[in-house]
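Student: Could you take me through this structure step by step, starting with the chain as a whole and then turning to the ligand and the backbone?

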Amino acid sequence: MKDGKHITMGIESSCDETAIAVLADGREILSNVISSQIEIHKEYGGVVPEIASRHHLNNIPFVFQKALREANLGLTEVDEIGVTAGPGLAGALLMGTAFAKAVSAASGVPLVGVHHIQAHILANTIEHPDLEPPFLSLVVSGGHTHLIEVLGYNEFKILGATRDDAVGEAYDKVARVIGLGYPGGPKVDKLAKEGDPHAIEFKRVYLEKDSLDFSFSGTKTGVINYLHSAQQRGEEVKAADVAASFQQAVIDVIVDKAMWALERTGYAGLAAAGGVACNSALRAALAAALGSRGKKLWIPSPILCTDNGAMVAAAAYRKARLGLFATDRLDCFPGLNIETQLYKLDE
Ligand code: KG4
Ligand code: ZN
């Protein structure tokens with residue numbers, strides 16, 4: 001507690017960002033330190049799990065000190081420490097949870113285990129005080145694509161999920177075959193602005209009638225096949241058209257399914273979340289579709305869409321208010337399902 005404000009720290013290390021943030025009263029960002037390993041993994045074309053773990057180990061103490069220093073707080077003023085316990089890379093998660101448990105044990109500050117995707121969704125609560133459960137959420141990240149009903153701060157119900165690639169994964173693979181490098185999503189986003197989204201009709205996969213599940217691997221393979229056959233015929237390919245047309249195909253399906261979910265559930269709007277929610281074309285398409293239906297779009301600022309500690313702190317703050325603390329036996333769970341009530345796992 002500091003000046004009557006409730007202070008929450010959030011620690012995130014599930015993939016290639018070592019990130020720690022401090023929030024006051026669940027919304028005010030006092031610090032949000034993100035140490036990205038992108039430059040290190042770039043030369044391998046993707047995240048190398050062992051290298052990620054080693055860098056988390058090196059970085060966490062510095063990121064932790066910096067987050068407290070920028071917040072101008074001491075550890076004793078922190079009310080709880082939230083840490084991502086899953087899903088994610090096993091070794092990477094272990095670094096964050098081991099560090100958080102050690103700090104909690106040494107200081108007596110209580111610990112909260114946080115689900116990474118719940119944190120992405122609850123990042124919306126930082127900037128949007130009007131957003132409260134129940135609501136509908138669209139999660140579009142590097143590892144997940146979900147339509148989720150958020151019934152409470154600790155109760156999440158999956159309405160639809162990808163059956164193969166996550167949308168961010170498809171973006172990254174398409175970027176690689178076009179020759180844009182890693183991480184692909186932001187590069188496809190930028191290049192697509194110079195292309196014609198209707199130049200090439202890539203497959204839009206809707207699955208069974210009324211299904212809220214997704215499938216992006218067919219669209220991704222369509223891009224690969226298009227490039228191969230153009231190469232075999234010696235035809236020149238306009239990379240910007242490929243990027244824009246691929247993006248349009250996946251966005252059409254995502255927006256349609258999100259609108260179906262909204263019609264079916266009757267909620268007042270949609271809370272978008274995850275790294276791909278940074279995508280400028282997706283943000284514009286969601287805003288247009290929701291606006292024309294008189295529905296609201298909640299979406300975090302781009303810096304709160306990709307992996308960060310503030311979203312973990314926001315989720316931990318909500319869980320702490322419900323009394324959902326973890327013990328020092330908190331483990332990490334690489335395949336953790338979003339419907340699992342995490343705090344029960346270490347009871
Ligand atoms: O949520 P996130 O940071 O990590 C996971 O939990 O997976 O998402 C990372 C993903 C990557 O696939 C990255 O390429 C994608 O988000 N991404 C984007 C954009 N910015 C990040 N995809 C499309 N357009 C963007 N502007
Ligand atoms: Zn993430």
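**The chain, its ligand and its backbone**

Tutor: This is a predicted model. The chain has 347 residues, and a compact globule with that number of residues would have a radius of gyration near 20 Å, which agrees with the chain because its own value is 20 Å.

Student: How many helices and strands are there in the chain, and what does its C-alpha trace span along the principal axes?

Tutor: Along its principal axes the C-alpha trace spans about 65 × 45 × 30 Å. As for the elements that make up the chain, there are twelve helices and ten strands.

Student: Where does ligand 1 sit, and which elements give two or more residues to the shell around it?

Tutor: Ligand 1 is placed in the largest pocket. Two or more residues of the shell come from each of the elements α4 (116-122), α6 (167-178) and α7 (184-192).

Student: How many residues surround ligand 1, and how do they divide by class?

Tutor: The residues around ligand 1 number 18, and the closest are Gly142, Asp172, Asp189, Gly275 and Asn279. Sorted by class, this shell holds four nonpolar, eleven polar and three charged residues.

Student: Which polar atoms lie 3.0 Å, 2.8 Å and 2.9 Å from atoms of ligand 1, and what percentage of the ligand's exposed area does the protein bury?

Tutor: Histidine 116 places a polar side-chain atom 3.0 Å from an oxygen atom of ligand 1, while a polar backbone atom of glycine 142 is 2.8 Å from an oxygen atom of the ligand. For aspartate 189, a polar side-chain atom lies 2.9 Å from a nitrogen atom of ligand 1. Taken alone, the ligand exposes 550 Å², and of that area the protein buries 87%.

Conventions
Residues numbered from 1 in each chain as written. Chains lettered and ligands numbered in written order. Predicted model: local features only at pLDDT ≥ 70, side-chain atom pairs only at ≥ 80, totals over all residues. Heavy atoms only, no water. Near = heavy atom within 4 Å. Polar contact = N/O pair within 3.5 Å; in protein donor to acceptor, adjacent residues only side chain to side chain. Areas by Shrake-Rupley, 256 points an atom, 1.4 Å probe, with all protein chains shown as cover. 1 Å grid on protein atoms, 1.4 Å probe; cavity = no way out; pocket = protein on both sides within 12 Å on 5 of 7 lines; lining within 4 Å. Sits in = over half its atoms within 2 Å of the grid points. Helix = DSSP H or I, 4+ residues; strand = E, 2+ residues; numbered from the N terminus. Nonpolar A, V, L, I, M, F, W, Y, C, P; charged D, E, K, R; others polar. Rg over C-alpha atoms; globule rule 2.2 N^0.38 Å.
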